[in-house]
Amino acid sequence: MLTVGAILKEPVSTVVRFVEWYAAQGAGCIVLCFDDPEDPAIEVVSGREDVIAIRATSEFWEGLGTTADERFTKRQNWAMGHVYRNIPEGGWFLNVDSDELLFLEGRTIAEEVARQPASCRALRFLPAEHIQSPDDPDRLYFRLPQKGWVQRSIYGDLAQAVKPRHGLMGHTVGKSVTRTGLSPVKVRQHWIEDQDGPIEGATLSADEGAYLFHFVDQCYEVWRNKIRWRLSSRGFRLPMRLEIEKRMEGPEPEAALRELYDCLHVFNEERLAQMERGGALRSWTRAELGLMDPDWPPSH
């Protein structure tokens, strides 16, 4: 059985979308750890037979040996470690964030893991990052990691700032689905590791029709409100951090930050074509992906 786990604090609609997506992908169990123990989404999804809703109370964290005040990423690892240890042996476990939807062309995740040989302990899936396309709202566009010349053609003077993450704004390492019952192991954000390091297996990418859709951009207002937190928490690599700080210290910081955001996240037809020529663009209609809400993802 495929089990999907996530710790989240999101609008009800986001939680429902997440559950429906992974249920359609063949997940037999979806374990949601709600960072807000009074989250209204709990009542909405907890009636489903395929969902286990965990209220992350102070008692829950204490039972895991930590507290609700611990850094989020550490609590995430503690919570997903708890989920993994309670899954029966013989299945698979996928730990993802609420803004990550794993998509495989022509098959479900459950079908993909079921066909793996007994020697395979893990599969890694690489990210495809959603970008805004105001000229074509009926399609969803995703960028892949880009070669240097593609970055220079698309981002111009900002090419050096985006280089450390190969033209992406979020992570580049992807997420892994791992066999259950392995011990002793530790659950990390992107993989599960044993005493020798990350448990490795095959890596599936766009060449195999596999995409970890990452909806890292949640509109300009969210991006702007999180800047100082991301600067302090190493959410940006050094070149991008320096670029942001330079703009924040300039004569017109708000206009400069908006210009930066638009360059990084909003793409017209010309820039989409540049990315496609570089082999770093994929797109589907909303109907093809089953994501029909015209107001999601949020626009700039």
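**Ground rules.** I am working with a predicted model, where local features need pLDDT of at least 70 and side-chain atom pairs count only at pLDDT 80 or more, while totals for chains, interfaces and linings use all residues. Residues are numbered from 1 along each chain as its sequence is written, and side-chain values use heavy atoms, with hydrogens and water left out. Helices (H or I, at least four residues) and strands (E, at least two) are DSSP runs, numbered from the N terminus.

**Entry: helix α1.** I looked up the length of α1, residues 12-24. Its 13 residues should span 18 Å at 1.5 Å a residue, and the end C-alpha atoms are 18 Å apart, which agrees. The expected span is 1.5 Å times one less than the number of residues. I then listed the buried residues of α1: Thr14, Val15, Arg17, Phe18, Val19, Trp21 and Tyr22. Buried means under 20% relative accessible area, exposed over 50%, and partly exposed in between (1.4 Å probe, protein chains only). After α1 comes Gly26, with a positive phi near 95°.

**Entry: helix α6.** Which residues of α6 are buried? I found Val150, Gln151, Ile154 and Tyr155. They lie on the same side of α6, because they cover an arc of only 100° around the axis. The arc is that of the directions from the helix axis to the C-beta atoms. An α-helix has 3.6 residues a turn, so residues three or four places apart point the same way. The cover over the buried residues of α6 includes β8 (139-143), α7 (159-162), α11 (253-265) and α12. Just after α6, Gly156 has a positive phi of about 55°.

**Entry: α6 against α12.** I next took the pair α6 (residues 148-155) and α12 (residues 269-277), which pack at an angle of about 175° with their axes 9 Å apart. That makes α6 roughly antiparallel to α12. Angles under 35 degrees count as roughly parallel, over 145 as roughly antiparallel, 65 to 115 as roughly perpendicular and the rest as oblique. Axes are lines fitted to C-alpha atoms, for helices over the stretch in contact, and angles run from 0 to 180 degrees between N-to-C directions. From α6, Trp149, Ser153, Ile154 and Tyr155 meet Arg271, Gln274, Met275 and Arg277 of α12. Contact means heavy atoms within 4.5 Å.

**Entry: Thr178.** I located Thr178 in strand β9 (residues 175-179). Thr178 is buried, at a relative accessible area of 1%. What does Thr178 contact, leaving aside its neighbours within four places in sequence? I noted Gly91, Trp92, Phe93, Arg121, Ala122, Ile192 and Ile199.

**Entry: cis peptide bonds.** I looked at the bond joining Ser183 and Pro184, which is cis with omega about -5°. Pro184 sits in the loop between β9 and β10 (186-187). The peptide bond from Trp296 to Pro297 is cis as well, with omega near 0°. I placed Pro297 in the segment after α13 (286-289).

Entry: His166 is not a glycine, yet its phi is positive, about 55°. I found His166 in the loop between α7 and β9. Is His166 buried or partly exposed? At 39% relative accessibility, His166 counts as partly exposed. Cys219 also has a positive phi, near 95°. Cys219 is in the loop between β14 (210-214) and α8 (220-225), and is buried, with a relative accessible area of 11%.
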